[in-house]
Amino acid sequence: RELAYQIAEQFRVLGKPLGLKDCVVVGGIDMITQALELSRKPHVVIATPGRLADHIQSSNTFNLKKIKFLELASTDFDEKKEINKRKQMILEGKDPDMELEKIKEGKRKFQQRIHETLERQTATRLKHKLLKKKRKQAKRREQLQSGAGISSMDKSLKSVTTSQAAI
């Protein structure tokens with residue numbers, strides 16, 4: 001969490017001249033308050049993976065549609081946390097390898113879902129852009145063809161009036 005706040009502070013300092021808006025999304029803070037901040041469409045969201053997953057799964061104020069870059073990083077802190085979880089599980093009489101494998105699998109599935117969502121949304125955006133471009137081209141062709149039809153009609157009218165004037 002502390003790292004998220006430090007990163008946000010750097011974005012504020014560097015982004016101030018640009019009017020950059022940021023939002024910090026971490027555990028321990030009211031989700032409704034964070035959802036309101038996310039609904040203001042910040043340029044940069046600094047989040048812990050767990051809380052980001054909570055917002056994506058349980059809230060309609062934040063989704064991955066307009067995300068251009070997503071960086072999920074693990075730190076030494078995560079490894080220390082994992083060791084402490086292991087110790088706690090052993091004290092509780094649980095198999096730490098089995099439990100930690102479940103946690104790791106959950107993280108992998110989450111990262112995979114994010115990756116798939118981003119790919120799907122990127123493909124959809126590209127399809128929409130392509131369709132829009134094709135519609136524009138068809139409209140231009142139609143305009144050119146209708147414009148060509150008028151000019152050929154004008155030519156035939158001119159030739160008719162010229163031949164009538166000669167008579």
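User: At what angle do H2 and H3 pack, and how far apart are their axes?
Analyst: This is a predicted model. Two packed helices are described by the angle between their axes and the distance between the axes. For H2 and H3, the angle is about 75 degrees and the axes are 11 Å apart.

User: Are H2 and H3 roughly parallel or roughly perpendicular to each other?
Analyst: H2 and H3 pack at an angle of about 75 degrees. Angles of 65 to 115 degrees count as roughly perpendicular. The two helices, H2 and H3, are therefore roughly perpendicular.

User: Which residues in H3 are met by Met-31, Gln-34, Ala-35 and Leu-38 in H2?
Analyst: H2 covers residues 31-39, and H3 covers residues 49-58. The H2 residues Met-31, Gln-34, Ala-35 and Leu-38 meet, in H3, Arg-51, Asp-54, His-55 and Ser-58.

User: Is Gln-34 buried or exposed?
Analyst: Gln-34 is placed in helix H2. Leaving aside neighbours within four places in sequence, Gln-34 is in contact with Cys-23, Val-24, Val-25, Val-26, Ile-29, Arg-51 and His-55. Its relative accessible area is 1%, and the cut-off for buried is under 20%. Gln-34 is therefore buried.

User: What separates the C-alpha atoms of Gly-50 and Phe-110?
Analyst: Gly-50 lies in helix H3 and is partly exposed, at 45% relative accessible area. Gly-50 and Phe-110 are 60 residues apart along the chain. The separation of their C-alpha atoms is 9.5 Å.

User: Which residues form a nonpolar patch on the surface with Leu-3?
Analyst: Leu-3 is in helix H1, residues 2-15, and counts as partly exposed at 46% relative accessibility. The patch has about 240 Å² of accessible area together.

Notes: Residues are numbered from 1 along each chain as its sequence is written. This is a predicted model: local features need pLDDT of at least 70, side-chain atom pairs count only at pLDDT 80 or more; totals for chains, interfaces and linings use all residues. Side-chain values use heavy atoms; hydrogens and water are left out. Helices (H or I, at least four residues) and strands (E, at least two) are DSSP runs, numbered from the N terminus. Buried means under 20% relative accessible area, exposed over 50%, partly exposed in between (1.4 Å probe, protein chains only). Contact means heavy atoms within 4.5 Å. Patches are made of residues with over 30% relative accessible area and no salt bridge: like charges are joined within 9 Å, nonpolar side chains (Val, Leu, Ile, Met, Phe, Trp, Tyr) within 5 Å. Accessible areas come from the Shrake-Rupley method with a 1.4 Å probe; for residues, only the protein chains shown count as cover. A salt bridge is a side-chain nitrogen of Lys or Arg within 4 Å of a carboxyl oxygen of Asp or Glu. Axes are lines fitted to C-alpha atoms, for helices over the stretch in contact, and angles run from 0 to 180 degrees between N-to-C directions. Angles under 35 degrees count as roughly parallel, over 145 as roughly antiparallel, 65 to 115 as roughly perpendicular and the rest as oblique.
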